[in-house]
Amino acid sequence: MPQSYGATGVSDADYDKALDSARAQEILKTWDESYDVAKIQGVPAFVVGGKYLLNVQALGSVDAMTEAIKELLVK
């Protein structure tokens, strides 16, 4: 069976290998923790560092969101 490359140009084997990496697992763990915070809110939001919930609507711009993320990541 030929490898699938799809829109990304990444083979299934390369994708699976990357998904099994320690860094990918670390990111997925953080996402899982963040998801628990975000699903409670119910409005468009973005979770930073697994504990800070940004209300995207209240920030008003991508630049404001970027600055808020940078500030929260150093806390």
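Analyst: Let's start with Leu-19, which is partly exposed, with a relative accessible area of 31%. Patch residues need over 30% relative accessible area, so Leu-19 at 31% passes that cut-off. Keep in mind that this is a predicted model. Leu-19 sits in helix 1, which covers residues 12–19. Together with Val-10, Tyr-15 and Leu-28, Leu-19 makes a nonpolar surface patch of about 330 Å². For scale, the accessible surface of the whole protein comes to about 6000 Å², and 58% of that belongs to carbon and sulfur atoms.

Now for the inside. Nonpolar side chains tend to be buried together in soluble globular proteins. Here, the largest nonpolar core has 6 residues: Val-48, Leu-54, Met-65, Ala-68, Ile-69 and Leu-72. Helix 4 (residues 62–73) gives the most to this core, with 4 residues. One of the core residues, Leu-72, touches Val-48, Tyr-52 and Leu-54, leaving aside residues up to four places away in sequence. Across the protein, 15% of the 75 residues count as buried.

The strands are worth a look too. Strand 1 (residues 45–48) pairs with strand 2 (residues 52–55) in the antiparallel sense, over 4 bridges. Ala-45 has Asn-55 in strand 2 as its bridge partner. The two strands form a hairpin with 3 residues between them, and Gly-49 in the turn has a positive phi of about 65°.

Stepping back, the protein has 4 helices and 2 strands, in the order α-α-β-β-α-α from the N terminus.

Notes
Residues numbered from 1 in each chain as written. Predicted model: local features only at pLDDT ≥ 70, side-chain atom pairs only at ≥ 80, totals over all residues. Heavy atoms only, no water. Patch = residues over 30% accessible without salt bridge, like charges linked within 9 Å, V, L, I, M, F, W, Y side chains within 5 Å. Areas by Shrake-Rupley, 256 points an atom, 1.4 Å probe, with all protein chains shown as cover. Salt bridge = Lys/Arg side-chain N within 4 Å of Asp/Glu carboxyl O. Buried < 20%, exposed > 50% of the residue type's maximum accessible area, 1.4 Å probe, protein only. Pairing = 2+ DSSP bridges. Core = buried A, V, L, I, M, F, W, Y, C linked by side-chain atoms within 4.5 Å. Contact = heavy atoms within 4.5 Å.
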